[in-house]
Amino acid sequence: TIKLFESDNTSSVTIASPASLGGDRTITLPDASVTLASGTMLATDGDGSSLTGLPDNTPAFQADFGDSSGTSVPYDTYTKMLFDNEQFDTDGCYDNSTNYRFTPTTAGYYFVYARICLSSSSDLTDKYWICAIRKNGANVGVGNNPNSYYTTASASTTVYMNGSSDYLECAGYTTAAGGIGTESPTEYSFFGAFRLI
């Protein structure tokens with residue numbers, strides 16, 4: 001039985017089939033209440049627990065400097081960014097107090113992104129500034145810009161994580177003598193990742 005609720009009874013339900021059928025087709029309905037969503041019948045259990053095999057893109061996190069003053073980066077040294085304020089951390093996989101690293105507990109491919117803004121009012125265009133994404137201490141994604149007035153450098157990449165010991169960090173690097181600081185507002189500097197598959 002199909003019930004339609006429009007008062008003027010103008011609605012209709014159409015069951016479409018391929019243009020050419022090689023034989024009879026049978027539609028088997030579930031023995032529970034269903035609701036139609038994008039042409040697919042879904043059990044109306046209310047919490048989605050009947051749906052399986054759908055990626056949820058977790059573990060995932062994003063962190064920034066929060067109320068801290070950022071991280072000071074000395075000359076010619078890759079320096080870990082101490083992103084201590086979690087905007088979100090779905091599975092508690094980001095350490096925002098000791099190692100400042102993301103160690104996801106689910107194996108898979110992850111999209112990782114980072115941006116770091118310099119705290120500099122000087123243009124040092126003959127120098128450069130790097131934002132690096134590092135896996136297990138080695139660079140896997142790098143972006144750079146001239147070391148100029150409050151410039152930002154960004155990096156992003158996709159990387160496989162084993163779900164146990166692999167970890168991700170963000171580091172800054174400058175060729176400006178004497179080093180440089182970073183800007184702390186959320187919109188200027190941040191680091192995050194989420195699982196793709």
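Modeller: Before we start, pLDDT is the predictor's confidence in each residue, from 0 to 100. This is a predicted model.

Colleague: OK. What does the protein average in pLDDT?

Modeller: The average is 83. Of the residues, 71% score at least 70.

Colleague: Where is confidence lowest, and where is it highest?

Modeller: Lowest in strand 2, residues 40-43, with a mean of 52. Highest in strand 12, residues 190-195, at 98. Where pLDDT is low, the predicted coordinates should not be read in detail.

Colleague: Noted. Switching to charges. How many salt bridges does the structure hold?

Modeller: It holds 4.

Colleague: Take Arg195. Which side chain does Arg195 meet in a salt bridge?

Modeller: That of Asp56, at 3.3 Å from N to O. Arg195 sits in strand 12, while Asp56 is in the loop between strand 2 and strand 3 (60-64). The two are 139 residues apart in sequence, so the pair ties together separate parts of the chain.

Colleague: And is Arg195 buried or exposed?

Modeller: Buried. Its relative accessible area is 15%, and the cut-off for buried is under 20%.

Colleague: Next, Lys80. What does Lys80 form a salt bridge with?

Modeller: With Glu169; their closest N and O atoms are 2.9 Å apart. That pair also links distant parts of the chain. Lys80 is in strand 4 (residues 79-80) and Glu169 in strand 10 (residues 168-174), 89 residues apart.

Colleague: How do the relative accessible areas of those two look?

Modeller: Lys80 is partly exposed, at 27%. Glu169 is buried, at 8%.

Colleague: Which arginine forms a salt bridge with Glu169?

Modeller: Arg101, with the closest N and O atoms 3.0 Å apart. Arg101 lies in the loop between strand 5 (85-89) and strand 6, and Glu169 in strand 10. They are 68 residues apart in sequence, so this pair too ties together separate parts. Put together, Lys80, Arg101 and Glu169 are linked in a network of salt bridges.

Colleague: Good. Now the surface. Which residues make the nonpolar patch?

Modeller: Tyr109, Tyr160, Leu196 and Ile197. The patch covers about 400 Å².

Colleague: Where does Tyr109 lie?

Modeller: In strand 6, residues 108-119. Tyr109 is partly exposed, with a relative accessible area of 42%.

Colleague: What is Cys117 in contact with, sequence neighbours aside?

Modeller: Leaving aside residues within four places, its contacts include Tyr150, Thr151, Thr152, Tyr188 and Ser189. Gly181, Thr182 and Glu183 are also among them.

Colleague: How far apart are the C-alpha atoms of Cys117 and Ser189?

Modeller: They are separated by 5.6 Å, though the residues are 72 apart along the chain.

Colleague: You mentioned Thr182. Where is Thr182 found?

Modeller: In strand 11, residues 181-182. Thr182 counts as buried, at 4% relative accessibility.

Colleague: Which backbone nitrogen lies 2.8 Å from a polar atom of its side chain?

Modeller: The one of Thr71.

Colleague: And what else is Thr182 in contact with?

Modeller: Leaving aside neighbours within four places in sequence, the contacts include Phe65, Ser69, Gly70, Val73 and Met81. From strand 6, Ile116, Cys117, Leu118 and Ser119 are among them. Trp129 is another contact of Thr182.

Notes
Residues numbered from 1 in each chain as written. Predicted model: local features only at pLDDT ≥ 70, side-chain atom pairs only at ≥ 80, totals over all residues. Heavy atoms only, no water. Helix = DSSP H or I, 4+ residues; strand = E, 2+ residues; numbered from the N terminus. Patch = residues over 30% accessible without salt bridge, like charges linked within 9 Å, V, L, I, M, F, W, Y side chains within 5 Å. Areas by Shrake-Rupley, 256 points an atom, 1.4 Å probe, with all protein chains shown as cover. Buried < 20%, exposed > 50% of the residue type's maximum accessible area, 1.4 Å probe, protein only. Polar contact = N/O pair within 3.5 Å; in protein donor to acceptor, adjacent residues only side chain to side chain. Contact = heavy atoms within 4.5 Å.
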